[in-house]
Every structure is written in structure tokens, then in C-alpha cells.
Amino acid sequence: MNWQVEIYEARPDLRLSSSKAAAQQRSINLAISSRGIAALRAVDPSAAERFLQTVIPMRGRMIHDKHGNLQSQLYDRDGQCINSIDRALLNVELLEEASAVPNIRLTFNHKVLSADFDQRVLFLRDADSATDIRVNFDLCIGADGSYSIIRRQLMRVVRMNFQQEYIPHEYIELKMPAGHDEHGNPAFLLDPNHLHIWPRHSFMLIALPNKDKTFTCTLFAPTVEFDRLITREDVLLWFRNHFPDALSLLGEDKLLKDFEKNPRSPLITTKLTPYHYKDRCVILGDAAHSMVPFYGQGLNCGLEDVRVLLTLLQEERVVPSRTMPNSGDPESDSIDQRLFKALSRYSASRHEDVVAICELAMDNYVEMRHSVTTPAYIMKKALDHLLFSLTARGPTFLSSLGDSLSRIAFPTANPRGWLPLYTMVTFRPDISYATARRKAARQGVILTTIARLGTVGMCATSFYLTWRALRWLRSQR
């Protein structure tokens with residue numbers, strides 16, 4: 001759209017070798033699926049294809065029980081995958097793409113201190129020179145994470161409804177080293193085309209594959225559970241009891257080093273509205289909606305924010321033509337009505353979707369750490385997929401959606417047929433999160449009714465067969 005873009009980052013350049021060690025200490029691996037890929041393609045199709053060369057496809061979950069037994073649960077009947085990508089690698093690739101664009105300028109070690117949106121000025125601290133500077137802007141886009149400074153400044157000028165919740169669980173990052181094949185070359189110790197889960201009811205361990213044949217493992221557990229792991233012996237005993245097969249792959253020495261070196265990190269959910277102020281500021285990504293990582297949609301939702309905003313800017317025919325105000329008088333500065341309308345529409349339309357995926361992500365934690373092991377869950381999923389097979393008109397792949405996602409935020413407002421919730425959330429970027437949730441709720445009522453009727457039918461059949469057996473026994477006397 002030919003905007004002149006200046007990006008200010010508080011941290012050093014992640015591409016520098018001095019920055020990489022710190023980046024590796026806390027980084028839940030990212031899962032990019034159709035929503036994130038669709039967003040990348042809407043902005044730059046060639047860049048999206050380059051990103052996809054660095055991912056590892058995961059076709060389903062691999063469930064590890066306490067006895068070492070494995071059960072594969074595929075994500076999609078038509079073979080669609082989610083993709084594991086290293087967070088640091090993705091960040092570096094995005095920086096490389098941005099730095100190659102002539103009208104984008106990257107500035108590192110510059111932290112935002114405050115903002116005056118009416119006068120369109122940012123105040124920043126240059127960490128290298130220890131000096132404060134001011135920067136004028138037309139539009140400020142805050143994508144500065146869960147503890148966003150831009151969001152805090154936005155709260156001063158809008159009546160923002162804000163909700164933040166720390167769940168009573170934390171996570172710690174672990175690393176599963178590569179093994180070796182018969183030729184001595186690095187090899188995966190687990191199937192790389194699955195997301196591996198060790199569900200243990202109130203806590204779980206997951207593992208995602210990396211290109212270097214290692215796995216990034218993340219242990220999620222209640223804070224009180226972590227607090228019990230005081231000594232090295234406590235850690236080893238706990239893993240021997242709950243994750244014996246994983247411990248043999250992680251290695252005891254490596255596990256203890258990771259536990260001592262890597263920090264315990266909190267899990268947070270943030271919901272708020274609105275996301276904008278006049279035609280001057282909008283916040284995206286974690287700054288607008290932090291979520292727990294249990295649906296694998298944090299990255300995808302953040303990238304989708306960009307795609308949705310882009311479609312609205314195009315619909316309102318916003319162009320970067322207004323001049324930078326010089327008066328310093330907020331009353332005299334005119335508002336770009338097209339930009340104002342696009343940002344207003346973004347706040348109004350995006351909030352319901354964001355709330356939906358934040359709550360779905362929280363719900364999915366229970367599913368991943370507990371429900372996936374229960375017979376009731378497995379039977380319900382089987383029925384869900386059976387109804388999907390009986391009613392679906394055919395698979396909808398990302399490639400079949402064409403360029404519609406570049407022009408319309410969500411082309412499918414009323415999806416037809418039976419669609420599993422996971423399919424809608426993960427593989428159908430043409431369906432909004434809120435629409436997917438509403439449709440899944442209606443289908444859930446049907447599933448529950450069928451299950452109850454099935455239970456009644458089984459009881460009635462059992463009663464009838466018992467009655468016939470008793471009659472037969474009496475006749476034999």
C-alpha cells in the first residue's frame with residue numbers, strides 16, 4: 001500500500017549471534033496452520049512459500065500413556081496438517097523479509113516510553129546512547145506483546161474494557177536431543193510428523209519437532225506442582241513416575257540442566273476492547289489478545305489480525321496520502337475519515353472472534369491434558385468425524401479458496417454441512433472463530449442428544465436381552 005514504515009524494537013536485532021542465546025531460553029514452539037499461512041499469502045505470496053520451506057508438517061497428535069503405549073489421533077481426514085516452526089527462526093525470517101522492503105526501516109534498542117496520540121508523537125529511549133527521542137507518526141500500530149506499552153497509552157485516551165487473567169499453571173521449556181541413525185547421522189527420536197502429548201490429567205508434556213532433528217518440549221503444570229520440585233532428586237523422581245519414556249529420551253543430565261537454566265513462565269489470557277483510537281492508533285496480536293497456547297492459534301490469530309485489517313483498509317480505500325500534522329494542536333488536525341472508519345470496523349468486528357479463540361484455547365487445555373485419554377472423548381470424536389464424512393460435500397483446502405481471503409475477511413459466513421470444531425478453527429480461514437464456535441455449539445447439542453439416545457438404546461437392548469435370557473432359562477426347567 002506504499003506506506004513509509006518505521007519499526008521500533010526494544011530488543012537488539014535477533015539476527016545477531018549475541019541475541020540468539022537469550023531467545024532460546026523461553027520459546028514455546030509455534031504451530032502455523034491455514035489461518036496463518038493465508039495471512040502471509042495475503043501480504044506476500046512468495047514470502048509465504050519461503051516460510052513453508054522451514055516448517056515440519058504434523059498430521060496429528062501422538063498420545064503417550066504412562067505405560068509407554070502410543071495412540072495416533074489424526075487432525076484431518078483429508079490429510080491437512082499443522083506445521084511446527086521454530087519461533088526464533090520465524091522471527092529472523094520475518095526481519096529479513098522486512099529489511100528487504102525499501103520503504104521499511106528497522107530500528108533496534110529503542111523502547112517506547114509513552115505516546116501522545118492527539119499530537120501523533122512517540123517518545124522512545126535509545127538504549128545505545130541512553131538518550132530520549134521523539135518520533136512523529138501518522139498511524140501507530142502497536143504489536144508489542146502481552147505487556148504492551150502502546151496498549152497502556154491507549155487506555156489513557158479511550159474507555160477500554162480490559163480483562164487479564166493469569167491461570168494457576170506455568171510452563172518450562174525442555175530440549176530433546178537428536179539421536180543417530182545406522183550411519184551415524186542425526187535422526188529424530190520420535191515420529192516427527194506428530195505433535196507428541198503426554199497427558200497426565202492436571203499437567204502434560206508436549207514435544208514439537210525441529211529441523212535439526214531435536215524436539216522442543218514444553219512442560220505445563222500447576223504452579224503448586226512446580227513448587228514441589230525443589231531438588232534435583234525431586235525432578236528426576238517426578239519424571240520417573242509420570243514420564244518414564246520421555247525421561248529416557250530427554251536424558252537425565254540434560255533434563256536437570258534445562259530445569260535449572262530455563263525459567264518458569266506464566267500463562268496469561270488478555271481480552272479488551274476497543275483496539276483503536278480515532279485514525280491514529282491500533283493494536284494487534286498479543287497486545288490486543290494474549291491467549292494460552294493450547295489451541296496453537298496465538299501466532300495464527302495474530303497474523304490473521306493483519307489480514308483482516310488489510311481487507312478493511314482496502315474496502316475503505318485507505319491510501320497513505322495525508323500529510324504529517326505540524327500544528328501540534330489536536331483540535332486543528334483533521335481526521336482521515338476512511339482510515340477512522342476502517343479502524344472502527346476492525347475494533348467492532350474483531351472482538352467477538354478474539355474472545356471466541358481465547359476461550360476455546362482455555363477449553364482445549366482440559367482436552368489435551370485429560371480428555372484425549374478418555375473413552376467418552378474418543379467415542380465423541382469418532383461420531384463427530386462420522387457425521388462429517390456423511391454430510392461434507394468435499395474437502396476445502398486452502399488452495400481452493402483462491403485470492404478471496406485477500407479481499408474478504410471471512411467469505412463463508414454460513415458454513416454448510418457438519419464440520420468438526422478443530423477443522424473449522426485450524427483449516428478453514430474462510431470461517432471466523434466466532435462463527436466456528438457458534439456452529440460447534442449447535443453441533444454439540446446434537447452430539448450430546450445422540451450419545452444420550454445411544455445410552456438409552458444400549459440400556460434398553462441390554463434389558464431386553466436379559467429378559468429373553470431369563471425366559472429361556474425358565475423354559476429349560
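Predicted model: local features only at pLDDT ≥ 70, side-chain atom pairs only at ≥ 80, totals over all residues.
Helix H12 covers residues 375–391. Tyr377, Asp384, Leu387 and Phe388 are the buried residues of H12. Viewed down the helix axis, these buried residues fall within an arc of 105°, so they line one face of H12. The face turned away from that buried side carries the exposed residues Pro375, Met379 and Leu390.

The whole structure contains 31 salt bridges. One of them joins the side chains of arginine 105 and glutamate 6, at 3.3 Å from N to O. This pair links distant parts of the chain, 99 residues apart: arginine 105 lies in strand E7 and glutamate 6 in strand E1. Arginine 105 counts as partly exposed because its relative accessibility is 45%, and glutamate 6, at 41%, is also partly exposed.

Aspartate 258 and lysine 254 form another salt bridge, with their closest N and O atoms 3.0 Å apart. Both residues belong to helix H9 (residues 252–261), where a spacing of 4 residues separates them by about one helical turn. An α-helix has 3.6 residues a turn, so residues three or four places apart point the same way. Aspartate 258 is buried, at 4% relative accessibility, whereas lysine 254 is partly exposed, at 32%.

The side chains of glutamate 49 and arginine 41 also meet in a salt bridge, at 3.0 Å from N to O. Glutamate 49 is partly exposed at 36% relative accessibility, as is arginine 41 at 30%. Finally, a network of salt bridges links Arg35, Glu304, Asp305, Arg307, Arg350 and Asp353.

Key: Residues numbered from 1 in each chain as written. Heavy atoms only, no water. Helix = DSSP H or I, 4+ residues; strand = E, 2+ residues; numbered from the N terminus. Expected span 1.5 Å × (residues − 1). Buried < 20%, exposed > 50% of the residue type's maximum accessible area, 1.4 Å probe, protein only. Arc of directions from axis to C-beta. Salt bridge = Lys/Arg side-chain N within 4 Å of Asp/Glu carboxyl O.
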